[in-house]
Amino acid sequence: MNERYPGIEEKIIAYVMGYDSLKANGGNNDNHSSKEVIDVRLRMDGLFEQEEHADGFVEEFIALYTNGPAGGGGISTGRKNELILHKLLIDRENVFWQANAKNSSIHGPQNRSTDAKKKKRYTGSSATGIQQRWNTKLDEPAPPVSAPAPSGSEIALYRVAHSRAGDKGNDLNLSIIPHFLDDIGRLRTVITPEWVKASLSPLLDHSLFPDDGAIERRNNLLERVLVEIYDVPGISSLNIVVRNILDGGVNCSRRVDRHGKTLSDIILCRKVILPP
């Protein structure tokens, strides 16, 4: 593709499904790379400005399947138009608004008051039974409280905390909620903006085999990534906002997980060493 349309390679992202589905490997020689790969699925996605480039990309993909390595189990290709949203600010003096009110009162039947008198008022006769059941549950022994995470040894973050993630435009929002609430103080010393940024940086790799140009583009994108960490004292947790990390946002992302819902796994699978 880059020979036909120079500079087009930065528009394409590639995955080997089951190996780097989340781009979470980061080039580490861990268990993922040491396992024998018996069956793989290659997924490539491109976001092009010209229809000619999209058609050429599909043609190259078909040629790879029909004339490439033997043993292919099937192929699926497609092309569709994408609607990309751009955020912008409008000056206040250019914004005009108005409010309208309409009287929509509805007059009921003449005998409405008579019908109301016929209705039986709820007396709460079963409230006593409900209260008895609540009291029974309150008298039951409380579940055991989780223990603090060990210190001084390397441990996966998911053994210390859980997380939820979501998206807002091109920004990722995720939480870090410790299983043992008092661990939040120790987590603050480990989960820093630099640590979060390094953990999510593999998302910016478009290929398993980047050349010098791809590495330079990745570093340029990494400079635009900003991390903000906020305390949520009410639930003893952290709220992390990562800006410019979702490949442009759900409307134009080329990733498998456009919304970034699974990206909390990248954070939780990182290993940490908690202080005493």
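In which loop is Asn-244 found? The first point gives the reply, after two remarks on the basis of the note. The model is predicted, so that local features need pLDDT of at least 70 and side-chain atom pairs count only at pLDDT 80 or more, while totals for chains, interfaces and linings use all residues. Residues are numbered from 1 along each chain as its sequence is written, and side-chain values use heavy atoms, with hydrogens and water left out.

1. Asn-244 is found in the loop between strand E8 (237-243) and helix H8 (264-268); helices (H or I, at least four residues) and strands (E, at least two) are DSSP runs numbered from the N terminus. Its phi is positive, at about 65°, although Asn-244 is not a glycine. Most residues other than glycine have a negative phi. Asp-247, in the loop between E8 and H8, likewise is not a glycine and has a positive phi, of about 55°. Asn-244 is partly exposed, with a relative accessible area of 23%, whereas Asp-247 is buried at 18%. Here buried means under 20% relative accessible area, exposed over 50%, and partly exposed in between (1.4 Å probe, protein chains only).

2. Strand E1 (residues 12-17) is mostly covered, with five of its six residues buried. E1 pairs with strand E2 (residues 41-46) in the antiparallel sense over six bridges; pairing requires that DSSP find at least two bridges between two strands. Ile-12 has Gly-46 in E2 as its bridge partner.

3. Ala-54 is found in helix H2 and is buried, with a relative accessible area of 13%. Leaving aside residues up to four places away in sequence, Ala-54 touches Phe-48 and Arg-79, where contact means heavy atoms within 4.5 Å. Arg-79 is 25 residues from Ala-54 along the chain, and their C-alpha atoms are separated by 7.1 Å.

4. A nonpolar surface patch is formed by Ile-62, Tyr-65 and Ile-75, which together have about 230 Å² of accessible area. Areas come from the Shrake-Rupley method with a 1.4 Å probe, and for residues only the protein chains shown count as cover. Ile-75 lies in the loop between helix H2 (51-67) and helix H3 (112-118) and is partly exposed, with a relative accessible area of 36%. Patch residues have over 30% relative accessible area and no salt bridge, with like charges joined within 9 Å and nonpolar side chains (Val, Leu, Ile, Met, Phe, Trp, Tyr) within 5 Å. A salt bridge is a side-chain nitrogen of Lys or Arg within 4 Å of a carboxyl oxygen of Asp or Glu.
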